[in-house]
Amino acid sequence: MLAQYVYTAAEVLIRIVRHGHRWRALQGEREVGRYETPEDAVRGLREAMPAQRIPRRLGDWRFIPAAPLGHLSPPSPAAMARLASA
């Protein structure tokens, strides 16, 4: 999973997702724009959706750190035993 900031609005999930060296602003699955910093993304989202009451400060958003191997299940006991015996 990529690093991202998440805010749950009344109707839709709003996210700011790291995309390489830039940040993508998403409303649900729709991309609103790409920005150099997450702060720029907040400003862009607030301008694009003034009725959503999007927080100005990133501290008010939920931050989810990057988890590059989060999609993998934990190793099985048999696999751990094989590693321990190696």
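## Strands β2 and β3

Strand β2 (residues 13–19) and strand β3 (residues 22–27) pair in the antiparallel sense over six bridges. Strands here are DSSP runs of E of at least two residues, and helices are runs of H or I of at least four residues, both numbered from the N terminus. Two strands count as paired if DSSP finds at least two bridges between them. Across this pairing, Val 17 stands opposite Arg 24 in β3. Two residues lie between β2 and β3, which form a hairpin. In the turn, Gly 20 has a positive phi of about 70°.

This is a predicted model, in which local features need pLDDT of at least 70, side-chain atom pairs count only at pLDDT 80 or more, and totals for chains, interfaces and linings use all residues. Residues are numbered from 1 along each chain as its sequence is written, and side-chain values use heavy atoms, with hydrogens and water left out.

## The other strand pairings

On its other pairing, β2 runs antiparallel to strand β1 (residues 4–8), joined to it by five bridges. Within this pair, Tyr 5 stands opposite Ile 16 in β2, and Thr 8 stands opposite Leu 13 in β2. β1 and β2 also form a hairpin, with four residues between them.

β1 pairs with strand β5 (residues 62–64) too, in the antiparallel sense and over three bridges. Here Gln 4 has Ile 64 of β5 as its bridge partner. Strand β3 in turn pairs with β4 over five bridges, also in the antiparallel sense. In that pair, Gln 27 stands opposite Arg 30 in β4.

## The sheet as a whole

The five strands make an open sheet in the order β4-β3-β2-β1-β5, with antiparallel pairing. Its edge strands are β4 (30–35) and β5, each of which pairs on one side only. Neighbouring strands of the sheet are turned by 20° against each other on average, direction ignored. For such angles, axes are lines fitted to C-alpha atoms, for helices over the stretch in contact, and the angles run from 0 to 180 degrees between N-to-C directions.

## Salt bridges

The structure holds five salt bridges. The term means a side-chain nitrogen of Lys or Arg within 4 Å of a carboxyl oxygen of Asp or Glu. Side chains of opposite charge can pair when their charged atoms come close.

Glu 31 forms a salt bridge with Arg 34, with the closest N and O atoms 2.9 Å apart. Arg 24, Glu 31 and Arg 34 are linked in a network of salt bridges. Glu 31 is partly exposed at a relative accessible area of 31%, and Arg 34 is partly exposed at 39%. In these terms, buried means under 20% relative accessible area, exposed means over 50%, and partly exposed lies in between (1.4 Å probe, protein chains only).

Asp 40 forms a salt bridge with Arg 43, the closest N and O atoms being 2.4 Å apart. The two residues are three apart in helix α1 (residues 38–48), so about one helical turn separates Asp 40 from Arg 43. Asp 40 is partly exposed, at 26% relative accessible area, and Arg 43 is partly exposed at 47%.

Asp 60 forms a salt bridge with Arg 57, and their closest N and O atoms are 2.9 Å apart. Asp 60 counts as partly exposed at 42% relative accessibility, whereas Arg 57 counts as exposed at 55%.
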